[in-house]
Amino acid sequence: MRTKSVGKKKINIVTLGCSKNVYDSEVLMSQLKANGKEVVHEDKGDIVVINTCGFIDNAKEESINTILDYVEAKNRGEVEKVFVTGCLSERYKPDLIKEIPDVDQYFGTRDLPILLKHLGADYKHELVGERLTTTPKHYAYLKISEGCDRPCSFCAIPLMRGGHISTPIEKLVREAQKLAKVGVKELILIAQDLTYYGLDIYKKRALGELLNELVKVEGIEWIRLHYAFPSGFPEDVLDIIREEPKVCNYIDIPLQHINSDLLKSMKRGTTHEKTDALLSKFREKVPDMAIRTTLIVGYPGETEERFQELKDWVREQKFDRLGCFTYSHEENTGAYVLEDDIPQEVKEARVEEIMELQSQISWEKNQQKIGQIYKCIFDRKEGNYFVGRTEYDSPDVDNTVLVSAENTYISIGEFALVKITSAEEFDLYGELI
């Protein structure tokens, strides 16, 4: 049977996990394309590269199942080679080699040049900042740093991503300019910890300086901040959010819990009182800001009383956006020495309680938006609706604005003014004005 020549092989990149992995896959695809390779994202290919997530149990399970699916496809002759990269591979490489030996090669999170070699490509330094974006053409993630120096006891990210390394401002500005030239209008700044940005290379927190340079990029209309850390938050950033129209009145700040004893065990560097003071400062300096947070329930030692404190606090703070996850007992993390003493069914019940509470809060907040006019960007058409977002909403995780497509046409990736006519827990309905 005649096989295809190496140059003709199509390489399929499969991305699992968070937006940082999306970014890494885009960089890999750009490098492959520059080497003359035919590359697709989550489509059919002769060679498969799976960019895995290893953060919590559910993510690990999804990554392993995906690897097994493609190994079976290889054994059936449907694909020729399967390569695995990313966080799961970084963290569990020896175990994976032993348990799933049919994978052709495993790579870590910082093995891009070696991975490219195995794909018959050379790492091109002149391409730093170039990406084949896999998101809709009008928004893109901009990863401003890699790794994390925080000691959070529940988190395995430093084991998989290494220590914090900031990307210099000038490189990020050049990358933003390139993205703007191909039609990107919204930049979503991502990192393991945005607020640590600059400490390693500038010896000071420089997120504010970075924002001041990015807002000068022509064509970029929205800049959104994801994954800020509560301890040591640079307050000048709040002034920029308030005063600079291009920086969305939005922040994603995972707070994880509110009980001071649990926060101490989690090594979060803050307390209930300090967290409340920070949130008050946010709302005082930027009254119109949407605050998104993420919580963990079922951490070791989370008694009913401590969980009730968390619930009362969520009810009191009325976050605009909130996600909640069950604690995952991860080996080699600081919390692994603690007893994982909350049954899984209790953890899941607590998630449901928090999300039910948040659903009611979101419904009440959305009712207040009826009659208001918002600038929205439209991501896609789905069924009979065009689906958009306000500046208070990030793609895939937050609320959407739905405009009927029956008598209206909206160009995908364009901005439009929408008057809200009705609202549900997580969706707003409106009409163009």
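**Close-up views of a predicted model**

The place of C18 is in the loop between β1 (10-15) and α1 (19-34); helices (H or I, at least four residues) and strands (E, at least two) are DSSP runs, numbered from the N terminus. The model is predicted: local features need pLDDT of at least 70, side-chain atom pairs count only at pLDDT 80 or more, and totals for chains, interfaces and linings use all residues. Residues are numbered from 1 along each chain as its sequence is written, and side-chain values use heavy atoms, with hydrogens and water left out.

**View A. The annotated cysteines.** An unreviewed UniProt entry assigns the feature "binding site" to C18, C53 and C87. Although these residues span 70 residues in sequence, no two of their C-alpha atoms are more than 10.5 Å apart, so they gather at one spot. UniProt annotations may be inferred rather than shown by experiment. C18 counts as partly exposed because its relative accessibility is 31%, where buried means under 20% relative accessible area, exposed over 50% and partly exposed in between (1.4 Å probe, protein chains only). C53, in the loop between β3 (47-52) and α2 (57-75), is buried at 12%.

**View B. A negative surface patch.** E345, E348, E352, E356, E424 and E425 gather in a patch of negative charge on the surface. E424 is found in the loop between β17 (415-423) and β18 (427-432).

**View C. A nonpolar surface patch.** I373, L417 and I433 together present about 290 Å² of accessible area (Shrake-Rupley method, 1.4 Å probe). I433 follows β18 and is exposed at 57% relative accessibility.

Terms used
Patches are made of residues with over 30% relative accessible area and no salt bridge: like charges are joined within 9 Å, nonpolar side chains (Val, Leu, Ile, Met, Phe, Trp, Tyr) within 5 Å. A salt bridge is a side-chain nitrogen of Lys or Arg within 4 Å of a carboxyl oxygen of Asp or Glu. Lys and Arg count as positive and Asp and Glu as negative; His and the chain ends are not counted. The place of a charge is taken as NZ of Lys, CZ of Arg, CG of Asp or CD of Glu.
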